[in-house]
Amino acid sequence: MITINLSMALVVGALYAVGFYLLLQRSLMRVLLGIVVIGHGANLLLQLAGGPPGRAPIVGDAPPEAMTDPLPQALALTAIVITFALTTFLLALGYRSWVLLGHDEVQDDIEDRRVARRQRPAGAMEEESDAEPEQRAGADQ
Amino acid sequence: MSTLVTLPVLLPMLGAGLTVITSRSATLQRLIGIAVLIAVAVLAAVLLVAADRTGPIVAEMGGWAAPVGIALVADRLAALLLLVSTLVTLAVLVYSIDQRVADYGRETPSTTFHPMYLLLCTGVSLAYLTGDLFTLFVAFEIMLSASYVLITRRTSASRIRSGMTYVTVSLTSSLLFLTMVALVYAATGTVNLADLAAQVGELPDGLRTVLALLVVVVFGIKAAVVPLHFWLPDSYPNAPSPVTALFAGLLTKVGLYALLRTQTLVFPQDGSKTLLLWLAVATMVVGALGALAQNDLNRLLSFLLVSHIGYMLFGIAVFDVAGIAGTVLYIVHHITVQATLFLVSGLITRRTGTVSIDRMGGLAKTAPALAVLFAVPALTLAGIPPTSGFVAKLALLQAGAGSGVATAAVAGVVVASSLLTLYAMARVWVRVFWGTPQPPLSDPDPTDELVVGTGSTPRPMVAAAGSLAAVSVAIAVAAGPLSAVTGRAAEDLLDRGPYRTAVLGEEAR
Amino acid sequence: MLALVAAHLALAGLLPLLSARSHRAAFLVGALLPAGALVWGLANAARALGDGVTETTSWAPALGLSFSFRLDALGLVMLVLVAGLGALILAYSAWYFGPDSPEAARSAALLLAFAGAMLGLVLADDLLTLYVFWELTSIASFLLVGQGGEDRASRRAAVQALLVTVFGGLAMLLGFVLLGEAAGTYRISELLAEPPRGPMVGAALVLVLIGAFTKSAQLPFHPWLPAAMVAPTPVSAYLHAASMVQAGVYLVARLSPAFAGLALWWVPVVVAGLGTMLVGGWHALHETDLKRLLAFGTVSQLGFLMVLFGGGGRFGDVTALAGMAMLLAHGLFKASLFLVVGILDKRAGGRDVRELSGVGRALPGLAVMSVLATASMAGLPPLLGFVGKEAAFEAFLDGGGTPGLLIALGLLAGSVLTVAYSARFLWGAFASKPGVAAAQPQRPEAGLTVPAWLPALGGLALGLAYPLVDTLARGYAAAYPPTGAEYHLALWHGPGLPLLFSALAVALGAGLHRLREPVTAMHRRLRTPVSAQRAYELTVAGVERVAVLVTGRIQVGSLPTYLAVILTAVLLLPGTALVLGTTLPDEQVLYHAPMQVPLGVFVLIAALGLVRARRRFTAVLLVGVIGYGIGGLFVVDGAPDLALAQFLVETLTLVVFVLVLRRLPAHFREARSPRRVALPKALIAIAGGAMVASSAVVVSGARQQAVSDVSREYIRLAPEGAGAYNVVNAILVDFRALDTVGEITVLLIAAAGTASLVLATRYDRHRAERVISGSGGPEHEEEVLG
Amino acid sequence: MTERIPWERWDEPHEPWLLPGRCPDRSERTLLLEMTTRVVFPTILVFSLYLLLVGHYSPGGGFSGGLVAGLAFVLRYIAGGRQDIGGAVRIRPPVVIGLGLTIAVLTALAPALAGNAVLSSAMWEVELPLLGTLEVVSSLLLDVGVYLLIVGVALDLLRSLGAGIEQDARAAGERM
């Protein structure tokens, strides 16, 4: 049986696409919004995983067979709170970055760039690159 | 007995709650932290013995049998990893307390450190013990969010970038994890791992492959498998050394553990073997080459960490009793040794005032104790006999050699990257411990204000790092019983029967 | 035997304590242990030549790891060399190192540890046991060559020795494992009894040979050995002449009885051995440093030994007899000669051929002893070297056919070189040279001369007592197919080709020495473009270069790139499987509830607006709109609890965002990315979204029922089991309460982390000087405390 | 907390509950919002408690209750600034959070002392005058822990992201 319909799949897909796009930006704030949006998409997907709409799973209010699947709701609720918590944290990180650096953009790693710029080994094992020719000749024997 | 299974999770959590409340008292915080971890270590040892004798021990949370309730399962694998991890967390905690005392005196409390540290341990314990996919997600979140706080604590301008990289990549992987959970539930209607073992088997092959590969990617990010590893060398080295030691020792291993658990229990089909082999090769080679390109001691160690993840992945790829047993043994060894190396690196940078190996020298003369303390884990990591690294590597090589030409060829890559590891270590030795002694840089390294050379190595810190090195030695000495346990653990994992029966009852067979 | 080895290692650990008081005492105490090992070995000689003395201690049985030892004829010969020379050299060191030499303390402990490891290596009856000690000797060699690592030459030499020998060692380990897996055992005695065969075994043997070649400095791995001569002389004498470098030869000797019938085994050994013998001998002819001269001589002799032990299976047991004799002879004469060089270096002011003059006249005793040792090296009767060389020629000439003849000729050429460099050594060390001031050597103490005399005399004594050597060698050679006529090691076999070859070697060698100057001039002209040392350097530099290039290319340090790689991995792995391996379900539903459509459109519009938003506040508001829209969808779905939580959390999220946005600039400041960057990002994002959407549809097609079995149980159990009618709440606080506890933990962490990040900011402005090792400043902590 | 009040004056107002103690800047204040907040605040708190208790029967629970209470404090912060929160809650937010977690974990562990499974719950029926029979479930205590923790988190966020950032801005000489 089909539990996830096309329109909802489209909404989920669009949320992921927008989220992924924002995730790939340099501003930490946009990255954060991307994460929030993907989180929304994931929670919606989780809820949809439970099956088609139905009555709220409250015993007494509805017959059991008409109820929606309660487990994904519980899981999604947990996930929502977790996403919220991490969002807050990342927001604080962005704020601190702004305070320290004057911007909240994600910079490239300095050390990585340093390695990438190096054309040749900075002195292989042991200052080999600057070994005197005589010494090499001696070692050639 | 089943209550004991819950305590490794709940005790650190309780400890965290209490350390938040007692955050004004340094002594109380430290006492709580150490007491909790000692208790967990003892518990883990008891669980290991019990699980080895009687099979997996299950705690049904709330008294609800799985899959209604959440089951915590201590089987040989989980109990073993729990024990080793706790020994490492304990040693690292003592080290960082010593460091704090050395830097700021006995009275200064570290408000957020202790709760976060204990919660990280909670997350790790829960990840090992849980028999539920969603709880695994929660466990990862506890562990990771605590790690976010630890890695960004007091970040400075030059370090905040690495914190962002770490947090963002981890959050991305968490969201992919959540997506995976949703898809798995949508397909099967359960999140209990033992239940999933049966349900996933009934899915169409193609769909099962999609889910299995998604799992590989999700846990591959956490485990830093090439090409999903980039974040690790950019972030770990920039944390304070005890934190790096903890992360390097534990967090990637938890990712590997999750991969191992799901690959064996839920997706035991052969489809991803070739893929995993290739990933293992790439991880070993790229990590080892990365290490050779570095001048920063911590980055060098981080790349080596990546390289050795490849070893463990190799064992999973081989996917027979020998391979899985080799991976488990390697995880046990590697958790210990990698943490030790980062602790020692912390001592070295503390003494020299720099992380750049080009600016160090002559430490063998000025700090011979440090030289010995570095040499032991360095040789262990390089797999020089008779250390634990050799034993674990041997187990993997045997698995590779006994499982066909392709895996034997990858065993050759294991050997080659082992040589590169030794080369990297020899280079550190030559640059840092040999040569002419350099005075400690008293003015802060311009690139890195967290490293200030004090020229001293406080004895308690050395003792903490040394005790971890001793654990590493003990693993080598006890290789006999240990390899027997890992062998039995691997049989359990591939059999799946004992685990499923323990969680779901007899009818699951 | 494990106890013996362990005692060495344990005492080595304690020696530094003794060295702190007296270096000499440390060396002498250290010498006692190898001496004891020698005594033990000789006491067990009879048993060793019989069934062998065995001992096994289990270590990790699941991995086939154990410490298994066996003392047999070959082991006994090696034991005599390792322990006997070890004791002598340690005693010699007691006088060699000055009282305040920084090298002494280190060397005493390391030499003794090395002796222990070497003992373990030669006694091992298990491939893995052998490997354990093999690598330990490499590490000991690294530390002994490098010493304090203060000068560059020793650092480079140490690293080269380590890399080359460990490279071989690791290859050998893989070979061992392949061999062990193929045979089902790692016990050498069992392997020899039933040699495994198969394609894997071929690969294994090649790998094992790489190990043997690197350790014994065979072509093309040999340059590390001459380079290692920067080490103190006792170290060179012990490790790099008499024991460690023989390990590769020993390994070949150990395994040859099982595999020497295979061309894959003996051909490479013999070819590499002959080549090494010639190249080493040739280089030795031109060295001016006596130590390097001896080192190249060692290289050459090791090649010779390789030929002898490798050829056993093809050419019969006489090669093995010759090999045993030469193994013993080489250890004795080479140790003695090295010790002589050490004495010259310390007491005669140097070891350069061009500077030493008249030493023979000043120290005639030393000269006599050197003549004795050199004669053995050159193969002159009545020394042990002659006995061995005779047997070698005999082995290949008698019944070896054309290959045998060729090898014998090669050995002859090598022997000529050997005689020539032996002469050069004597000339260089002791001759009076015109135009060079005569040296004024001090008289060396007995502590230095006696250890040098003993092995030299040993060569003479064993040469005369050749039946003893013959018995020993037979114990080993019995493992090979016998050659036609029974042959015994002896000084006199009557005239024949072998004797002629020996005589030729001496005559031609002497001639070559006379022509040394033109020959050396020719050597200079002939310098080859390919050199093994250059190859090593290029390899190491090449690896470094590749490392930097690869790492620089892939570790670009850019977060968006990393995330793009991760997303691409998702697209490539599960995405490909999704496209190739699954099909969309046939029947499709456009929507389940009519309200889903408008709400969905609402969310979509907000999402698209979000992409284009340039103001932070707008973006945050749009995210809020999405959140409320999803809350609405939850209501439609029949999830009021979820919807309530979603609305509340969304509100709180908005509040939190707004609190922070108060201080952030209104617009996103980042520059618009150029099209070539933006487009791939958009493509990856869209593909990712499409993948999630389609996998959702595919996955839901696999589902059997709407409400899962577990959830039916929840609905059934909630009222009486958990006392709750709201099933979702029952799951949260009862059935799956652990998740809830975990989740509030995450909230705690986030709150603490936020406080820690935000409240720390004010201390960044006036950076506290007391920030040490990054564990957090106290002021900051108090702030976070609240 | 407060000194003893003579019994005959207990009905006189003795805390300025409609106005915060300090007024930093008159222009920054909206009296209407402040007044409304002050009136609504207790009501919202009561509602949050209702949500907490009613969770077992209809939508609600510790989560939603805690969030609602948290939002009530947010409202007070928006209306009255950080001093106002300090006036309402005297206990440090991290301690509230820690207490919440401790209660939750202790609730989880308590059944183990009685030999039951960890996190298992017990039920009691309580006769209440007027309201009738009430089923009390021990897992309510867990919900209380959750509630406390979430309130604490909200307060802590107001302390850090709210007051903390404000203080930063003031130190940097900005107007907010």
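I started with chains B and C: 122 residues of chain B are in contact with 107 residues of chain C, where contact means heavy atoms within 4.5 Å. I noted that this is a predicted model, in which local features need pLDDT of at least 70 and side-chain atom pairs count only at pLDDT 80 or more, while totals for chains, interfaces and linings use all residues. Residues are numbered from 1 along each chain as its sequence is written, chains are lettered from A in the order in which they are written, and side-chain values use heavy atoms, with hydrogens and water left out.

Next I looked up the area. The two chains bury about 9600 Å² between them, 74% of it on carbon and sulfur atoms; this is the accessible area (1.4 Å probe) lost on putting them together, summed over both. Tyr104(B), Arg154(B) and Trp434(B) supply 9% of what chain B buries against chain C, more than any other three residues.

One joins Glu544(C) to Arg427(B), with the closest N and O atoms 2.8 Å apart. On the chain B side, helix α17 (residues 405–433) gives the most, with 14 residues; helices here are DSSP runs (H or I, at least four residues), numbered from the N terminus.

Last, I checked helix α11 (residues 233–242) of chain C. Ten of its ten residues are buried, so the helix is largely enclosed by the rest of the structure; buried means under 20% relative accessible area (1.4 Å probe, protein chains only). Tyr238(C) and His240(C) are among them.

How values were computed. Buried means under 20% relative accessible area, exposed over 50%, partly exposed in between (1.4 Å probe, protein chains only). Helices (H or I, at least four residues) and strands (E, at least two) are DSSP runs, numbered from the N terminus. A salt bridge is a side-chain nitrogen of Lys or Arg within 4 Å of a carboxyl oxygen of Asp or Glu.
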